[in-house]
Amino acid sequence: MINRKSRDEIKRMKHAGHIVALVHKAMKENIKAGMSTKDLDDIAMEVIHANKAIPTFLGYNGFPASICTSINENVVHGIPSKNVILKEGDIISVDVGATYGGMVGDSAWTYPVGKIAPEIENLLKFTEESLFAGISKMRAGNVLDDISSAVEAVANREHLGIVRQYGGHGVGHVMHEDPFLYNYSVGDKTLIKSGMVIAIEPMLNLGCDEVIQLPDEWTVQTADKKPSAHFEHTVLATDGEPELMTIIREEFL
């Protein structure tokens, strides 16, 4: 069952999303060669707690950190570690969840570490483009497959691999709610209604579609070890334009 959010729930989700966006602002300002992914997790935890929120990921199914940090060929669910050090030319996907007032905000972004290769710049550019192509279809009266097809069209145009085992999802009182949202067309005719909130999150690869899970039982990696990018916003369907929930808002500063 897909839950439509009330006005009060939406307000709390916007506040949670604001806190997530503050974490991403801190990530963008601090990511540089020589940092460990544990350093980034410490910064994220500080921002989340300073804003009276709870790190949604910490303890989720046993996950041991407040953010996921996935470098280069690691797609999602990378575990922060003091032993994983960022290098010039890396890319790092940071996935952040914050719970405020019992409601969750969820967003991911892929950041360059210094100067990156042109083909990897394009991977980031077009994965972000695919996210916003999907967001543009998050409108009451459309169906879920409209979002999936929009993401897939950008990936196919640029000959990028599409991670097929993972995708977007409903979000609200918990991090993963119905529906599951594919990043490629499967013909899902589930109607989008005003008040639905979905985390749209394409994961596109410079190489093949296939991924594997590493022995830590969390980190997901491309099977061909080529780089992957991950971009995500929590999005509200309205009777008009889609509304991003995971952005900084003046009223919460």
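Trainee: In which strand is P179 found?

Mentor: In this predicted model, P179 is found in strand β8, which covers residues 177–181.

Trainee: Why is H159 called exposed?

Mentor: The word exposed is kept for a relative accessible area over 50%, and H159 reaches 69% relative accessibility, so H159 counts as exposed. You will find H159 in the loop between α4 (144–157) and β6.

Trainee: Where does a glycine take a positive phi near 60°?

Mentor: That glycine is G101, in the hairpin of β4 and β5, where two residues lie between the strands.

Trainee: How do you know that strand β4 is largely enclosed by the rest of the structure?

Mentor: A residue is called buried when its relative accessible area is under 20%, and nine of the 10 residues of β4 (residues 91–100) are buried, so the strand is largely enclosed by the rest of the structure.

Trainee: How do you know that β4 and strand β5 pair?

Mentor: Pairing asks for at least two bridges between two strands, and β4 and β5 (residues 103–112) have 10 bridges, in the antiparallel sense.

Trainee: How many bridges join strand β2 to β4, and over how many do β1 and β4 pair?

Mentor: Five bridges join β2 (residues 67–71) to β4, and these strands run antiparallel; here I67 has V96 as its bridge partner in β4. Strand β1 (residues 54–55) and β4 are also antiparallel, with two bridges, and since the cut-off is at least two, this count is enough for a pair.

Trainee: In the open sheet with the order β6-β10-β13, why is one side of β6 and of β13 left without a neighbour?

Mentor: This sheet has three strands with antiparallel pairing. Strands β6 (161–162) and β13 (228–230) stand at the edges and have a single partner strand each, so one side of each is left without a neighbour in the sheet. The partner strand β10 (residues 203–205) is joined to β6 by two bridges, and G161 stands opposite N205 in β10.

Trainee: How do you know that the radius of gyration of the protein chain agrees with that of a compact globule?

Mentor: For 253 residues, a compact globule would have a radius of gyration near 18 Å, and the protein chain has 17 Å, which agrees. The C-alpha atoms fill a box of roughly 45 × 40 × 30 Å along the principal axes, and the chain holds four helices and 15 strands.

Trainee: What share of the 253 residues counts as buried?

Mentor: With buried meaning under 20% relative accessible area, 55% of the residues of the protein chain count as buried.

Conventions: Residues numbered from 1 in each chain as written. Predicted model: local features only at pLDDT ≥ 70, side-chain atom pairs only at ≥ 80, totals over all residues. Heavy atoms only, no water. Buried < 20%, exposed > 50% of the residue type's maximum accessible area, 1.4 Å probe, protein only. Rg over C-alpha atoms; globule rule 2.2 N^0.38 Å.
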